[in-house]
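Colleague: Hello, and thanks for sitting down with me. Could we look at the picture together, one question at a time?

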Amino acid sequence: MSVLETQNLGIRFGGLVAANDVNLRAGEYEIVGIIGPNGAGKTTTFNMITGFYTPTTGRVLYRGRDVTDLKVHERAALGMGRTFQNVGLVKGSTVRENLLTAQHLLARYGVAGGIIGSPASTDDERTLRRRADALLEVLNLGHLANTRVAGLPYGDLKRVEIATVLATDPDLLLLDEPSSGMGPEEAHTLGDTLLDLRREFDLTIMMIEHHVPLVVRVCDYVYCLNFGELLAEGLPNEVRHHPEVVRAYLGEDVDAEHESV
Amino acid sequence: MGAIAGLVLGAPYFLERRAVDLSGAVIFAIIGLSLNVLIGYAGTISLGHQAFVGVGAFTAAYMAGQQHQPFLVGIFVAAVIGGIQAVLLGGLALRISGLYFALITLSYGVLAQESLFNIQSLTGGGAGAFAAIPTGKREYYFICLAFLAIVLYADWRLMKTKGGRALLALRENPRVASTFGINVKVYTLVAFAVSGTFAGIGGALLAHRDEVVDPTGFSFQLALLFVLMTVVGGLRSRTGIVIGSALFALLKVIVQEVPGFERALVRWDLTLPILAVAGGVVLVWRGGPRSKIAGGVLAGVALLVLSPLSVPWLEGRIDQIPPLTAERASGVVGPIFLLLVLTRLPGGIGQLVRPVQHWLRGNPWDWSVGRVKEVQITDVRA
């Protein structure tokens, strides 16, 4: 059974069809890439998968269960974690506080228990803190634990965001342009990190990504969207050289594509 | 630390006839903390907080006066009722946000004052309800302090645990909060419940301090004062809010107790030009070229006003403006403080306090600790 499946997913905003008939599938432990030019409907599709948008047509299946009508936080509770194109962090808090906040569902005490300082709450808090610090170590971010998010450089923000979404204890990770703002070398390291994380945390990953070498290296399967519709799908190298994709995504000039890749 | 503790604990002894006002300062601190939960933590607003407090006050008076329940039972019930009414109002915040929600809280406050607090059987109507003070005036101050300590503890615990973190996350970015699995609607209501509970306690304490509660005491002006003292104290800074609220509550006392202060206020037609001369001199002395000119002009004009020379069109006009009294001090000082905070000191008093706290923990002195660069957008998103 696939972890995530979208069936004929579509949405229109007034007269504008932002996505139409999008069928995606991510199997257990797969890393699936979504590519496509700007405005192709990639983030819109993510927003429908995670529950920010209600699709006009189609369904979202998570481990075979129809989750189309669930709220964002309910899908998070099922194990969907996502990052945002413009960094989804609480900027006024420190890095560690963000990881603690993200473990909201792992804290089993209630708000009132926390206020009166019940033993369960202090126990849980200790566990959460240990887990947050361990996650930061895994991603080599330990030195930033007490830094306020607001002042961090963009590349660090992206990695902190990944640590934070891992703190929500997801099965399925939806990453929106994880390598944006990174140089080629950083992006390469990110590729290693993603492969490591998949192994270590038993993750299925679906990611929107522009950086083609990264997609080719880590993805098991790639979808290409254009004007809200699926243009091509297949193995990374097939999609990359698919004539339609080359035309739509990488420009008309095939030679220029080879240079840029 | 010891000096501060001594000042707080000793205040009712060396200002004995002001014990009632001092209790008021402590109660205002509780109310400021209550408002901070909404504005500072959850990023919503209440312009009807006088009604939150009023509900607590009338509940306590009802429990004491008509049900003959002991003092502590009354406070407990007031806290619960305060929380419930806040959640009911908060339910609206889930559907309406921003300016319109602010407008609704404002209307709720006025509505409560005009109708709810005038229900004869519950509140005694216009005549007011009675709630006896359970102890002597000085001892009552310490009871208030004890409740402030409880509220401070609860607030501290809230922010250290998942509830507080959820609130901060949803204030800054509800979308991100929901991907963390936080139910934004539920936690907005949690903020109202906590705020209403604190306000209920504050109101109950206020009722027993005054011994009589009547609806005219809960006008919109009071709500405005609550918002002012919370913002000036510094959102999300417990210490700042306690200081700010106490400051506003004690303005009248400070004006009357500090020698010469009240006279200076009453003769503001003299005080203001003298201050202007002083300010002008400082500008000429320390300022840049442009400030030097402005300072010179300011001082010159102020001297002219002070001089026995009569300025024909000013003559008689100044006298038409009534003198400032201690009673009205907060109405004038409040807006000035607010302006200062919004432009020069976005972190409020809390921003001034943080370096001190940092230093007291054994760190080297550093002015820049806890500096807030600007009033955050989310603070005014309401």
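Colleague: Which residues in α8(B) do B:Leu158, B:Met159 and B:Lys160 in α7(B) meet?

Modeller: First, this is a predicted model, in which local features need pLDDT of at least 70, side-chain atom pairs count only at pLDDT 80 or more, and totals for chains, interfaces and linings use all residues. Residues are numbered from 1 along each chain as its sequence is written, chains are lettered from A and ligands numbered from 1 in the order in which they are written, and side-chain values use heavy atoms, leaving out hydrogens and water. Helices are DSSP runs (H or I, at least four residues; strands are E, at least two), numbered from the N terminus. With contact taken as heavy atoms within 4.5 Å, the partners in α8(B) are B:Gly163, B:Gly164, B:Arg165, B:Leu167 and B:Leu168.

Colleague: How are α7(B) and α8(B) oriented to each other?

Modeller: The axes of α7 (residues 137-160) and α8 (residues 162-172) of chain B come within 4 Å and cross at roughly 70 degrees. Axes are lines fitted to C-alpha atoms, for helices over the stretch in contact, and angles run from 0 to 180 degrees between N-to-C directions. Under 35 degrees counts as roughly parallel, over 145 as roughly antiparallel, 65 to 115 as roughly perpendicular and the rest as oblique. The two helices are therefore roughly perpendicular.

Colleague: How many nonpolar residues are in the contact of α14(B) with α15(B)?

Modeller: Helix α14 (residues 268-286) and helix α15 (residues 289-306) of chain B pack at about 155 degrees, with their axes 7 Å apart. That makes α14(B) roughly antiparallel to α15(B). Ala, Val, Leu, Ile, Met, Phe, Trp, Tyr, Cys and Pro count as nonpolar, Asp, Glu, Lys and Arg as charged, and the others, Gly among them, as polar. Besides 4 polar and 1 charged, the contact of α14(B) with α15(B) has 14 nonpolar residues.

Colleague: Is the crossing of α5(A) and α6(A) left-handed or right-handed?

Modeller: Helix α5 (residues 119-138) and helix α6 (residues 154-167) of chain A pack at about 140 degrees with axes 10 Å apart, and are therefore oblique to each other. A crossing is left-handed if the near helix is turned anticlockwise from the far one by less than a right angle, and right-handed if clockwise. For α5(A) and α6(A), the crossing is right-handed.

Colleague: Which three residues supply 44% of the area that domain 1 of chain B buries against domain 2 of chain B?

Modeller: An automatic or database domain assignment gives the bounds, with domain 1 (2-257) and domain 2 (261-344) in chain B. Buried area is the accessible area (1.4 Å probe) that two parts lose on being put together, summed over both. These domains bury about 1,100 Å² between them, 82% of it on carbon and sulfur atoms. The three residues that supply more than any other three are B:Leu228, B:Leu251 and B:Val255.

Colleague: What area is buried between chain B and chain A?

Modeller: The contact takes 24 residues from chain B and 31 from chain A. Carbon and sulfur atoms give 62% of the buried area, which is about 2,500 Å².
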